Amino acid sequence: MVSLRCKMMVQEELEKLGVSYKVVELGSVQVNDDLSKDQFEMLRKNLLKSGLELLDDKKSILIEKIKNVIVNMVHHEDALPKTNYSDYIAEKLGYDYTYLSNIFSEVKGINIQQFIINHKIERVKELLLYDELNLTEIAYNLHYSSVSHLSNQFKKITGLSPSFYKKLRQKRDNNLENI
């Protein structure tokens, strides 16, 4: 679960099944009582219809926790941590970073650093569209060493420069308004 909407969908499905829960957080659920096999299967099927998946093996759960820490760090916190991302993730999850990195790479096929970069670029896209910050401010807020570094990384991932991306989106939005 990476969004609040996903969280609400899980809560709704639990309530439909009459399952009482303590906490539904992004990526994890604490239920008051163990689920029966039927409840578990019904929950799995209902969530799958909504594009969500129940994870019950330890590796998959750990991968989801890593992804959630990164998504929260990049998209939902006011400022990125001042420490290394590796230290931040290891501290948040209580595991050695090398262990986390090896499992993540093995399962996802990319390393944690690339996953972070991909999400930072998604965040840059959002911020460009909101048009509240200029590129220098975005680079500073997302801890890029320079605007040039951000621009190069953005182009490498999207194939577009940040300014061209922004103009393209504005042009598309204007065309949609004229329909």
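Helix axes are lines fitted to C-alpha atoms over the stretch in contact, and angles run from 0 to 180 degrees between N-to-C directions. Helices (H or I, at least four residues) and strands (E, at least two) are DSSP runs, numbered from the N terminus. The structure is a predicted model, in which local features need pLDDT of at least 70 and side-chain atom pairs count only at pLDDT 80 or more, whereas totals for chains, interfaces and linings use all residues. Residues are numbered from 1 along each chain as its sequence is written, and side-chain values use heavy atoms, with hydrogens and water left out.

The protein contains 9 helices and 2 strands, arranged from the N terminus in the order α-β-β-α-α-α-α-α-α-α-α. Along the principal axes, its C-alpha atoms fill a box of roughly 55 × 50 × 30 Å. Of the 179 residues, 32% are buried (under 20% relative accessible area, with exposed over 50% and partly exposed in between; 1.4 Å probe, protein chains only). Among contacts (heavy atoms within 4.5 Å) with a separation of 6 or more, 49% are made by residues 24 or more positions apart.

Two packed helices are described by the angle between their axes and the distance between the axes. Helix H3 (residues 58-76) packs with helix H4 (residues 85-93) at an angle of about 125°, the axes lying 10 Å apart. H3 and H4 are therefore oblique to each other; angles under 35 degrees count as roughly parallel, over 145 as roughly antiparallel, 65 to 115 as roughly perpendicular and the rest as oblique. The crossing of H3 past H4 is right-handed, a term applied if the near helix is turned clockwise from the far one by less than a right angle, and left-handed if anticlockwise. On the H3 side, Lys65, Ile66, Val69, Ile70 and Met73 meet Tyr85, Tyr88, Ile89, Lys92 and Leu93 of H4. The residues of this contact comprise 8 nonpolar, no polar and 2 charged (Ala, Val, Leu, Ile, Met, Phe, Trp, Tyr, Cys and Pro count as nonpolar, Asp, Glu, Lys and Arg as charged, and the others, Gly among them, as polar).

The 19 residues of H3 reach 25 Å from the first C-alpha to the last, close to the 27 Å expected at 1.5 Å a residue. The buried residues of H3 include Leu62, Ile63, Ile66, Val69, Ile70 and Met73. Packing partners of the buried H3 residues are H4, helix H5 (97-108) and helix H6 (112-130).

Cysteine 6 is located in helix H1 (residues 4-16) and is buried, with a relative accessible area of 13%.

Technical notes
The expected span of a helix is 1.5 Å times one less than its number of residues.
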